[in-house]
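Morning, everyone. Please have the sequence and the model open while I talk.

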Amino acid sequence: MIGFLLKRVLQAVFVIVAVTLLVSYAVRLTGDPAIMLSQGAGSVSEQDLQNIRQALGLNRPFPVQYLSYMQGIVTGDFGRSFMGGTSVAHLIGDALPATLLLAFVSLALSLVISVPLGVHAAVHKGKAADQAIRIFSLIGLSFPNFWLALMLVLLLSITFPLLPPSGWDGPVSLIMPALTMAVILSATNVRLVRTTMLETLSAQYVMVARSKGLRERVVLYKHALRNCSIPLITYMGLQFGGLIGGIVVIEKVFNWPGMGTLAFDAIASRDYPVLQGSVTVLALVIIIVNLLVDIAYGIVDPRIRIR
Amino acid sequence: MQTTLTDTAGKRRSRNRFRSLEFVMGVVLTGAVVLAVLFSGWLFPDGGEGMDLAARLTPPFQSLAHVLGTDPLGRDVLARMVVGGQISLTAGFVSVIFGALLGTVMGLIAGYYRGFWDMIVMRFADVQLALPFILVAITFISILGGGLFNVIFFMVISQWVQYARLVRGQVLALREREFVQAARAFGVRDLAMIRHHIVPNLLGPLIILMALNVANNILLESSLTFLGLGVDPTIPSWGGMLADGRTYLQTAWWVSVFPGLAIMLTVLGLNLLGDWLRDRLDPTGKV
């Protein structure tokens, strides 16, 4: 177990180093931040530029800058925004909870949709219900999430003005973004529940539970579903990156005050410390979730540790 | 006993019929889109750029000249949609072809020779898992600029690992098979072995992954263009039309409804084909 833990943590550390290097390098490609910072400040002498570089530590070689950036991350310091000098950590502290809230509500909602449908499809394998659920899942996989978001706004904010179209206006604002992500997630999750359920239903303990005379609902939801929850949770953990990627796009449609909006605003105003900070934090969150899911799986199912 | 046998046979036949119906739908949808896009220059010689200022904001299904309506600049929605398909199909197919080529070569090397290259591919896979494509695009495209070339380039860079992992896994399994070991015992060289014994056996799963990824990359390209990180917003593309449509959502719903339907039908067609291929070529579910 210790060997498995060590190996997984080392892997995660390697990925963190690779991702942060990549993002830092990309941000370095933008050119000289000193020139960008001094734009609009009237006449700027070479000496002024030198002073800015000195103050920001930009005259040091890239490896040194990278190491000091990493040192900052460990202590929660992501530098300061070019716009007004707010601390990037502070901006992220405001935006990250909104994104995570949306992620978890979408995930929960998608479970409510996809588990009963997936179980139903598995039980009625090959029947009309199964085919119908398959077609719905195929259609759900076939449109872009932001289009579904636009269509919901069109329906529920414009045609029937029931919900606020964007921003944060109390918990009702959560409904449309969460519903959008939940529908997209459910399209894959239904298939997943169906496949794992089909494997579980052929197990002997299911037959025993049935022959004991247990009600079908108890057999399905108490005996079978519990046993396929581990692979389900693992697979959904692996999807977490995709979920975050989707939410980042959706945030743009709903002006949701999360990490995606923070990043797009930073792109629009060329505020590279904020861009670097938000992409880095999102990647860190994804890496940590994947690591936790893997470790949890390793604890529950010892066979996985060998791989 | 007799009844159960015919019963299952009947069920299987109806299931197969349903599946072939799906296949026909997939072919029809994909074929229609590909044909319309191929002949878009002939169907709409103005390239969707013509502005009929007298007919601005025409709702759909009201005028024969503009069947799907016009946008606030008087541009025909149907024409822009058909022409815009060029961007989506190019992004989808080109990115997948190059990604699959690069990934297959890397996967063959990793799986056949193991060791150093194997480690490199697997570590790249870890990084790819942590950095969804949208984040890569936000970082690099926002800095280096968009355009069709950059979008495709970053798709290839971040997706080849998928093919490499698939091919690597297949090669590892194939290496242990009797016919490969027999061929080795006969003294077949590495390159010949890969060409004649390994590659033909991994084409099936590879083609399925490619079909599904063409669909996926069409979605990704439209997302990027919608976000302003993809192709030039002034040339017609599905994502770009949806970005415009978002601003006119109150006044002209049709500008954002129809391009979305175009994406959906195209991707649905490709997904149906991919599913059918999976049924045919990969019954044990490796992809």
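At what angle do the axes of H4(B) and helix H6 (residues 148-175) of chain B cross, and within what distance do they come? They cross at roughly 130° and come within 9 Å. Axes here are lines fitted to C-alpha atoms, for helices over the stretch in contact, and angles run from 0 to 180 degrees between N-to-C directions.

Some ground rules. This is a predicted model: local features need pLDDT of at least 70, side-chain atom pairs count only at pLDDT 80 or more, and totals for chains, interfaces and linings use all residues. Residues are numbered from 1 along each chain as its sequence is written, and chains are lettered from A and ligands numbered from 1 in the order in which they are written.

Helices (H or I, at least four residues) and strands (E, at least two) are DSSP runs, numbered from the N terminus.

Back to our pair. H4(B) and H6(B) are therefore oblique to each other. The cut-offs: under 35 degrees is roughly parallel, over 145 roughly antiparallel, 65 to 115 roughly perpendicular, and the rest oblique. The crossing of H4(B) and H6(B) is left-handed. Left-handed means the near helix is turned anticlockwise from the far one by less than a right angle; clockwise is right-handed.

Who meets whom? From H4(B) come B:Val121, B:Phe124, B:Ala125 and B:Gln128. From H6(B) come B:Ser158, B:Val161, B:Ala164, B:Arg165 and B:Arg168. Contact means C-beta atoms, placed from the backbone, within 7 Å.

Now H8(B) and H10(B). Their axes come within 9 Å and cross at roughly 165°. That makes H8(B) roughly antiparallel to H10(B). This crossing is left-handed. Among the residues that meet are B:Gly204, B:Ile207 and B:Ala211 in H8(B), and B:Leu270, B:Gly274 and B:Leu277 in H10(B). The contact of H8(B) with H10(B) has 14 nonpolar residues, five polar and one charged. Nonpolar covers Ala, Val, Leu, Ile, Met, Phe, Trp, Tyr, Cys and Pro; charged covers Asp, Glu, Lys and Arg; the others, Gly among them, are polar.

Stay with H10(B). Is H10(B) mostly covered or mostly uncovered? Mostly covered: 22 of its 29 residues are buried. Buried means 20 or more other C-beta atoms within 10 Å of the residue's own; 12 or fewer is exposed, in between is partly exposed, and C-beta atoms are placed from the backbone. At 1.5 Å a residue, the 29 residues of H10(B) should span 42 Å, and its end C-alpha atoms are 42 Å apart, which agrees. The expected span is 1.5 Å times one less than the number of residues.

On to chain A. Chain A has 14 helices and zero strands. Its C-alpha trace spans about 85 × 60 × 30 Å along the principal axes. Of its 307 residues, 36% are buried.

One pair there: helix H5 (residues 88-123) and helix H14 (residues 272-300) of chain A. Their axes come within 10 Å and cross at roughly 50°. That makes H5(A) oblique to H14(A). The crossing is right-handed. H5(A) brings A:Val88, A:Leu91, A:Ile92 and A:Leu96; H14(A) brings A:Pro273, A:Val274, A:Gly277, A:Ser278 and A:Val281. By class, that contact has seven nonpolar, two polar and no charged residues.

Last, how do the chains meet? The contact takes 37 residues from chain B and 40 residues from chain A. Helices that each supply at least two residues on the chain B side include H8 (190-226) and H10 (253-281). That side of chain B divides into 24 nonpolar, eight polar and five charged residues.

Methods
Contact = placed C-beta atoms within 7 Å.
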